[in-house]
Amino acid sequence: MDLEEYRFPLFLDLRGRKAVVAGGGTIALRRIHVLLRFGARVTMISPECQKVPQGVEWICRPYARGDLAGAFLAVAATDNRTVNRQIGLDAAQEGIFVSVADCREESSFFFPAICVGSGLVSGVVSQGADHHKTARAARAIRTLLEEME
């Protein structure tokens, strides 16, 4: 297997680090909840959101250049391809890790399915093409971790 086709699994300390998430929909909120669990300071930028998670700084407007200032990582999860692309470009220019939800080629990292249990943390990603396979693998790993308790 040629591992150059895959992303390197890197586990980072996010405690107190700024994470900017653009978008207020299902995918953005899922990412926000994971980031919060790992201690990130999350700023959400979105003109609308049905339920802002507790502890999140919400900037109630569309993404604008400069919004990534001071960020350690960013997530582009809006429903607008042009905006997501711009976030990816801005992050790359600033040297900020970015996950662009609708374009793996514009992402410097993939947001993993998180599996936690028995004092262990695992992240599961694919090459970006088979989300169902990733979800099945994550369920199997979660079950295994639960059985280890």
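Student: What should I know before I begin?

Tutor: In this predicted model, local features need pLDDT of at least 70 and side-chain atom pairs count only at pLDDT 80 or more, while totals for chains, interfaces and linings use all residues. Residues are numbered from 1 along each chain as its sequence is written, and side-chain values use heavy atoms, with hydrogens and water left out.

Student: How many helices and strands are in the protein chain?

Tutor: Helices (H or I, at least four residues) and strands (E, at least two) are DSSP runs, numbered from the N terminus. The protein chain holds three helices and seven strands, which follow one another from the N terminus as β-α-β-β-β-α-β-β-β-α.

Student: Which strand pairs with β1, and in what sense?

Tutor: Two strands pair if DSSP finds at least two bridges between them. Here β1 (residues 18-22) pairs with β2 in the parallel sense over five bridges, and V20 stands opposite T43 in β2.

Student: Is strand β2 mostly covered or mostly uncovered?

Tutor: A residue is buried under 20% relative accessible area, exposed over 50%, and partly exposed in between (1.4 Å probe, protein chains only). Strand β2 (residues 41-45) is mostly covered, with four of its five residues buried, and of the 149 residues of the protein chain 38% count as buried.

Student: What part of the contacts joins residues 24 or more positions apart?

Tutor: Contact means heavy atoms within 4.5 Å. Among contacts in the protein chain with a separation of 6 or more, 43% come from residues 24 or more positions apart.
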